[in-house]
Amino acid sequence: MAEELLDVLTHTGQRTGISKPRGLVHKDGDYHRAVHVWIFAESTKELLLQRRADCKDSWPGLWDISSAGHISAGDTSLITARRELEEELGVKLPEDAFELIFEFLQECVINDGTYTNNEFNDVYLVTTLKPIPLSAFTLQESEVSAVKYIPWEKYKTVLEKEDPDYVPYDVSGTYGKLFSVIEKRYKEDKVARSLMLQKQLDRYASITLDAELSGLSKGDMDALVFIIKAAKVIDEIFYSQVWASNPTLRDWLKERAVLSSLDRLKWENYSINKSPWSVLDENGAFLSTADSAVKLSADSTRSVPGWEGVEYRAAFPTVKPAGANFYPPDMDKKEFELWKNNLRDDQQEAATGFFTVIRRPESSTVPHDQISEVEYGTQSLCAVPYPREYQPHLHEAANFLKKAERLADSPSLKQLLRTKAEAFLSNDYFESDIAWMQLDSKLDVTIGPYETYEDALFGFKATFEAFIGVRDDVATSQLKLFGDRLQDLESNLPMDDVYKSKDVVAAPIRVIRLLYNAGDVKGPQTVAFNLPNDERIVKERGTSMVMLKNVSEAKFIHILKPIAEVAIREDQKQHVDFESFFTHTICHECCHGIGPHSIRCPSGKESTVRLELQELHSALEEAKADIVGLWALKFLIDQGLLPRNLERSMYVSFLAGCFRSVRFGLEEAHGKGQALQFNWLYEKEAFVMHSDGTFSVDFTKVEDAVESLSRKILLIQATGDKPAAGLLLKEYAVMTQPLKNALEKLEKLQVPVDISPTFQLADALLEAQKQFKTH
């Protein structure tokens, strides 16, 4: 039998591309990868240990981890963890039983210098409700001679005392994380935790949003109910896009919310964030696997009389997965790139496109002849289109939209609903996006996969969202100026003419009053959006903008005004007004439609900004839209198209708005982009901090500072310069002392960070239809 091959790594854990036999790796002291799997019984607070077989070449006969093993060349961490647990102990569990809690580098020399172990270990925790009966295990004799449970605190003491019967681990170092994770979860102060969750919840001002429906026709009113139902289905898809077990966790928390005040707070925080990770806390977890849903795996071990099977907690990582649920949880960027580079051009387009997920064939339900795959080592990846990945939900949503289309009166609304229903099933959104741009209906609907913020690994994959509102005709007519001036703005952008487009299309702008949203609307609420993101359409047709005026009003009243009272110098407070705030929001969305999109890289390659900047694209694009939006307002004022009295108020309102957006957290694209802008303008002395902790705008310096940052970002985008983008964000998208000072004042005075909307009107419409059906 051929000896197992291992991937050789650098001393920092990067793949070298070299594979060597296991024995040679340990003889030469090569760095390589392995997994540790710990089984923890929640009810008894015990860890499962195995006694290593006497024939083992390292630590023979000593008590050690529940299960462990090398990651073979080409294999992945999670696959290895599942395989080793099954081979060594006869325990076969689903992927969601395994929680990756930390990585541990073990460097040691044993066996009189003949065995060098330089090993990067992924340490997993499997949390069961009760101990698995010892008789349920099937031990691999060549690896394991016995198993036993031991209280975790006793095991920690054993390691601290360096008991010779146990494999040594330095619990004062990295490996101590195993015990600190357990202690934090099961020795928590429930009162303190409740206070913490309540404090996080208080950062959101609860607001009821609705709209006046009297202007809708009878047919459009009837269609509205089915559109809301479709949006609720979209919500289901988004939950699963965030993380594989997210819907299970949601249902578990909702069911238990009535049991205690702590359970209620868990559910309310989860409802706002739509996941166990807090948007306003750099995506830090406010829940742990100890709070998670309990699942039963009945056939995971040898059968034992009177024992139903393994009840385990559906695990989730404390660090939010960068790839969300768009990629296998154990896939890294290197594996994806190696796989993608071996695909045909059309397959590469699918792999990096908006509307596919990447799966391993063994975990995909899609027939192999309907997926794109190329072998990578002993494993492979495949691109699965959304209509197959989300088949039941997309069919249901499409059916609701078809029913709405039959009822609607507005021709453009009927066209949108029909084409969107077709797109849900075909995965081709081109026609439906054009129909959305041409929508001319009192009832305004945006529904489908659009934004890519959730894909923090590459920024490729689109999440589903829905916004339903009633058009404000007066406000919409007032904003035609901005959409009509896009080409003029493009031609005068502060960047070299060679990068400018000659055929920017006017951007229609619609102002609505939101009555319902769903899907990717977690945490801070958007005040506007600029779509579509499909570069083909942006290049040929431009974009359209939707402004959510009642959301903007709520944020200005409940957040921006209180921020200005705390953070802006007294003599400039009068410049903070809703007109400036709302007008800059319009310009922000307009500026998504100008500047570089489809580009020619310095190498001559045709590409897009999104593909070149990958995970850095979202933050830089938000910063561009913001700062170029300020530049654009000044340009329009100088052209006599906007009133001169807007100039000072737009800069001061923007300054106050910086503190609003940075509070979203520097893991969120808008917050990161806003920190970049604030720190740049502060460095250029356009923003000034005073001895009393307030801030003001230096009107003699702000125009040049805005233009210099606009030029910097536009050039990075035009050349697709990812290293330059990374350096800019690394230097400026940080929490500097001036920002900290301002945020601490806002925290002390408990100024809300954002709003949490409820939609009583939409709920009432659904309830009315239900009652009508009942009668």
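**Exercise 1. A glutamate in a helix**

Solution: 
- Step 1. Find the element. The model is a predicted one.
- Step 2. Apply the cut-off. Buried means under 20% relative accessible area.
- Step 3. List the neighbours. Leaving aside residues up to four places away in sequence, E621 touches C591, H592 and Q717.

**Exercise 2. Helix 22 meets helix 24**

Task: Describe how helix 22 and helix 24 pack, and say which residues make the contact.

Solution: 
- Step 1. Recall what to report. Two packed helices are described by the angle between their axes and the distance between the axes.
- Step 2. Read both values. Helix 22 spans residues 617-638 and helix 24 spans residues 669-683. Their angle is about 55°, and their axes are 8 Å apart.
- Step 3. Name the arrangement. Angles under 35 degrees count as roughly parallel, and 65 to 115 as roughly perpendicular.
- Step 4. List the contact. Helix 22 supplies S618, A619, L620, E622, A623, D626 and I627. Helix 24 supplies A669, H670, K672, G673, Q674, L676, Q677 and L681.
- Step 5. Sort the residues. The contact of helix 22 with helix 24 has 7 nonpolar, 5 polar and 3 charged residues.

**Exercise 3. Helix 13 meets helix 14**

Task: Repeat the analysis for helix 13 and helix 14.

Solution: 
- Step 1. Read the values. Helix 13 (residues 411-426) and helix 14 (residues 430-437) pack at about 155°, with axes 8 Å apart.
- Step 2. Name the arrangement. Angles over 145 degrees count as roughly antiparallel. Helix 13 and helix 14 are therefore roughly antiparallel.
- Step 3. The crossing of helix 13 and helix 14 is left-handed.
- Step 4. List the contact. From helix 13 come Q415, L416, R418, T419, K420 and A423. From helix 14 come E431, S432, D433, A435 and W436.
- Step 5. Sort the residues. The contact of helix 13 with helix 14 divides into 4 nonpolar, 3 polar and 4 charged.

**Exercise 4. A hairpin**

Task: State how strand 1 and strand 2 run, and how many bridges join them.

Solution: 
- Step 1. Find the strands. Strand 1 covers residues 5-9, and strand 2 covers residues 15-21.
- Step 2. Pick a pair. L5 has P21 of strand 2 as its bridge partner.
- Step 3. Look at the turn. The hairpin of strand 1 and strand 2 has 5 residues between the strands. In the turn, G13 has a positive phi of about 95°.

**Exercise 5. Backbone features in loops**

Task: Locate K45, W59 and P532, and describe the backbone at each.

Solution: 
- Step 1. Take K45. K45 sits in the loop between strand 3 (31-41) and strand 4 (46-52). Its phi is positive, about 55°, although K45 is not a glycine. K45 is partly exposed, at 29% relative accessible area.
- Step 2. Take W59. W59 sits in the loop between strand 4 and strand 5 (63-64). W59 is not a glycine either, yet has a positive phi of about 50°. W59 is partly exposed, at 22% relative accessible area.
- Step 3. Take P532. P532 is in the loop between strand 21 (528-531) and helix 18 (535-541). The peptide bond joining L531 and P532 is cis, with omega about 0°.

How values were computed
Residues numbered from 1 in each chain as written. Predicted model: local features only at pLDDT ≥ 70, side-chain atom pairs only at ≥ 80, totals over all residues. Heavy atoms only, no water. Axes fitted to C-alpha atoms, helices over the stretch in contact; angles between N-to-C directions. Helix = DSSP H or I, 4+ residues; strand = E, 2+ residues; numbered from the N terminus. Contact = heavy atoms within 4.5 Å. Nonpolar A, V, L, I, M, F, W, Y, C, P; charged D, E, K, R; others polar. Buried < 20%, exposed > 50% of the residue type's maximum accessible area, 1.4 Å probe, protein only. Pairing = 2+ DSSP bridges. Left-handed = near helix turned anticlockwise from the far one by under 90°.
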